[in-house]
Structure formats: C-alpha cells, structure tokens
Amino acid sequence: MAVVIAAPASGSGKTLLTLSLLAWARSQGHSVQPFKVGPDYLDPQLLSAVAGHPCRNLDINLCGKAWVERAFHGYGSQQDLALVEGVMGLFDGIGCSEAGSTAAVAKQLQLPVVLVIDAGGQAASLGALVQGFRDHDPDLTLAGVVLNRVSSQRHRDLLHEVLAAVGMPLLGCLPRSDDLALPSRHLGLAPAHELQNPSQRLERWARLAEEHLDLSRWLPLMEAPRSGTPPLDEIAPITGPELPVAVAVDEAFHFRYAETGELLERMAMPLLPWSPLADAPLPAEARGLILPGGFPEQHAERLGQCRTSQSALRGFAQRHPIYAECGGMLLLGQQLNDLNGTSHPMAGVLPFSARRGALQVGYRQMTPRQDGLLLRHEETLQGHEFHRWTLEHDRPPSAGSVLWDIEGWKTGRTPEGWGTQRIHASWIHLHWASSSMICSRWRDALAADPMP
C-alpha cells in the first residue's frame, strides 16, 4: 500500500525519482496521489503539477499523527496509485532526534521505504551504507534501493553485485544527467511556475522511469490505500452568508497548503485571487486578506513600483483583517532589500525594514502574549519557520503588539510577530486545515468586521 521514497541525505535524488514515477504513471493512464513528508511548499508544487492532483503534506510535527493518518488514507484512496516523497535524510527529525522524520511517517502509516542513494564514486562501500540503513531500525521495512548518478553500465553491474551480496533488491539505476537537474533558489528548488518547457520535462521524466526503473516491481509498491475519507469532508459545510477572502497569488506569493483554500471554501469564505505584482486594487467585496509566503525579495524592485497595490493594502489594513506569513509579512513593512541588497519601498503598514540575514529554519512552539485575531492568551500552537531575512525595527514593538513567544530546538524563547485585533503577521507558517479552530476564528473575525 504505497511506498515512501527516502534517502540518506538531501540532494540524493528523491524528487527526481518521485517526479519520474509520477510522470510515468500519468503517461500510462493511472491517477496518482502524491504526498510530501514535512512542511515543504516547493517540492509539493512540482509534484502537484506532474500528478495533476494537489500534493498533500504529511507532517507529524506540524499537524499531529491523527491528521497524517486521515490525510494519507482520505486523499490517497481517491486515486489508483499513491507515492510519498520523504524529507532530508531518512531518520532526520527535530534536532538530533527522529521526531517527525520520514522514518517516523513510514512507521506510523506502516509503509515500506525505497532508499535513493547517490552512487557517484561508490563501489563496495555501498553495501555498508545500505546495511546500516536497513538494520538501524528493525520496525522499518526497506523494500529496495534506487541508485542515482550511475556513471556507466560497468558501474551499474558492480553496484548490482554489491547489493546482491547484502540481499537488497535493486529497483533502478538513474544515470548522470545534468540537463535533468532541477534548478534551485536560495530557499530550495525553484517554484514549479519557473520551470522551462514543462511538457517536455514531463515526457523526459516518464522516459527516465521507463528506461531505468524496474517498473514491474514498482507498480505493486505504488498501490493506493483502499479506503478513507478526505479530512475536510468530515467538516460540515457552512452554507452562508459568504464572506469572501482576498488571497495574494502570483510569482512572489505562492506558499500555501492546498487544504487552506479548500477549508476556506467549505466554510463559506470563497477565495478572491489578488496579485500584488499586477499593481491592482484589492477586490472590492473582500472581507479579509491572506498574504502567504513566497519570494517577495526576488521581486522586490517590481513590488516597490506597485503604488496602487501598496496604497490598496494600506487602506485595507485600516478596515479589515489581514493574515500574513513570512514573505507575506515582508510586504507589510517599510522597506525590503532584494537579493542584491538594494532597498525598495513596501506598503508601510508595519514599522520594520527587511534585509538578508542568517538562515532561520525549524519547527517552533508558539505561546500567544494576549488574545488576538486568531489566537488566545497562553494557548500553545505548532508552526514552522524557514527564511533568510532579518527585520530592523523603525521602533521597537510595544509589549501589547508582540504576537507570541516562540521556541524551537536550541533556539531559546523569543518574542516574535505582530498581533492586533486586525493583523496577524509572523515569520511562522501554520497549517490551518489541521486545526480548523484557526479558520473558525478567522471567519468570526470577518463576520464581526462591518463593511464600510
């Protein structure tokens, strides 16, 4: 029942293998449901585009075990096949633990694992590596290995003998191919909309699977779970009144879980796409605004010239609720440095400027300082932080405007974010659908906010 594609470390070829299998499955007329372990946005964009179905994140740390179970069985059972791409190394979780790791998800869902290994420069040492991963956790089933960056037929034959000697099935060998490499940006893979010649890539990924994978052994491993109900179907839909929500959607703002929009729609908050880069007013009927993360720093010069968008945002902030995560929060500041360090004006709703800084990444536990737009004093929430920007405050935030205190693995407890009755702005990403309380409070805020 489905399989998890894992690796000893990031950069081994998990995404390339997953994309190849998805493209091949679609070329054969199969419907396939992709999943991604962890809080990633970029890999799921690619998997969604290739599969033709929204990729679903399986994140124990962010959403809890119950959500992961329901999401896998509920969404997976809607298609013929299912495939789970892991995150980082197989056993890498929070800090030096396995909490929320690919292995933890595989064990919870009782799924076998296929290990993708970068075989470049390896021979007999491959046996020790595979044995170590196979024997590290007896509760985990290693179904086989795919070797990546195999340099020649001789190299393949050699590695096949090494794996046979340790009793490990070889499910495929992917050749070295720089032209199939996926482009990267400063936070990981490039977004799906930046890929050149997507239809040609789809064909080549499918051909890669046909020519280099043992597909007769892969098909049984990709069988979808047989039963389950998509988690959001269990929530009774709200029939009205409708409270439309504007959502920033363009090349600069596109980090959003599929379930967020689906949950909003189910709770009678239809989405109104709005592009800050289009320099257009906000939709007149919008009762609230969501500014998701993305790459505003990559488009800072263009955003700085969008006077209509910025003016509309300033006016909207005085009348209606705004929820902003990470890159969305940067749009609310005074200034934003682009990737070259040049400063550009932003909307000026919040008193900070943003420039490039040290990488901040990891799960966070948040404790709100006071009641706010979506939060209540002393509640505990889980979120994820991932950015390379730092804020310089024009004036220190007052104690009453700090959103919450956050704490992660060896980070200490730190005040973070802006929180008022009308604005929620933070570096931290939340998974709304795994805690429908957030969306319920958002709807209550929209309903309580009178239209001008």
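## Helix α1 against helix α2

In this predicted model, helix α1 (residues 14-27) packs on helix α2 (residues 42-51) at an angle of about 15°, the axes lying 9 Å apart. The two helices are therefore roughly parallel, a label given to angles under 35 degrees, while those over 145 count as roughly antiparallel, 65 to 115 as roughly perpendicular and the rest as oblique. Helices (H or I, at least four residues) and strands (E, at least two) are DSSP runs numbered from the N terminus. Axes are lines fitted to C-alpha atoms, for helices over the stretch in contact, and angles run from 0 to 180 degrees between N-to-C directions.

On the α1 side, Thr-15, Thr-18, Leu-19, Leu-22, Ala-23 and Arg-26 take part, meeting Asp-43, Leu-46, Leu-47, Ala-49, Val-50 and Ala-51 of α2. Contact means heavy atoms within 4.5 Å. By class, eight residues of this contact are nonpolar, two polar and two charged. Here Ala, Val, Leu, Ile, Met, Phe, Trp, Tyr, Cys and Pro count as nonpolar, Asp, Glu, Lys and Arg as charged, and the others, Gly among them, as polar.

Buried means under 20% relative accessible area, exposed over 50%, and partly exposed in between (1.4 Å probe, protein chains only). The buried residues of α2 are Leu-42, Asp-43, Pro-44, Gln-45, Leu-46, Leu-47, Val-50 and Ala-51. Gly-52 follows α2 and has a positive phi, near 80°.

Thr-15 belongs to helix α1 and is buried, with a relative accessible area of 11%. Its C-alpha atom is separated by 26 Å from that of Ala-164, which is 149 residues away along the chain.

## Helix α1 against helix α8

Helix α1 also meets helix α8 (residues 198-212); their axes come within 7 Å and cross at roughly 95°. That angle makes α1 roughly perpendicular to α8. The α1 residues are Leu-16, Leu-19, Ser-20, Ala-23, Trp-24 and Ser-27, and those of α8 are Leu-202, Trp-205, Ala-206, Leu-208, Ala-209 and Glu-210. This contact divides into nine nonpolar residues, two polar and one charged.

## The seven-stranded sheet

Seven strands form an open sheet with parallel pairing, in the order β3-β2-β4-β1-β5-β6-β7. Two strands pair if DSSP finds at least two bridges between them. Strand β2 (residues 32-37) runs parallel to β3 and is joined to it by three bridges; Lys-36 has Asn-57 in β3 as its bridge partner. Helix α5 (residues 102-109) packs on the sheet, where it touches β1 (4-6), β2, β3 and β5 (113-118), and its direction makes about 160° with that of β1.

Strands β5 and β6 run parallel and are joined by six bridges. Asp-118 has Asn-148 in β6 as its bridge partner. Seven of the nine residues of β6 (residues 142-150) are buried, so this strand is largely enclosed by the rest of the structure.

## Loop residues with positive phi

Gln-110 is not a glycine, yet has a positive phi of about 55°. The residue sits in the loop between α5 and β5 and counts as exposed, at 71% relative accessibility. Asp-279, again not a glycine, also has a positive phi of about 55°. Asp-279 lies in the loop between β12 (271-274) and β13 (288-291) and is partly exposed, with a relative accessible area of 27%.

## Surroundings of His-384

His-384 is part of strand β19 (residues 381-393) and is buried, with a relative accessible area of 10%. Leaving aside neighbours within four places in sequence, His-384 is in contact with Pro-39, Leu-62, Val-361, Gly-362, Tyr-363, Trp-427, Ile-428 and His-429.

## Basis of the values

Residues are numbered from 1 along each chain as its sequence is written, and side-chain values use heavy atoms, with hydrogens and water left out. As the model is predicted, local features need pLDDT of at least 70 and side-chain atom pairs count only at pLDDT 80 or more, while totals for chains, interfaces and linings use all residues.
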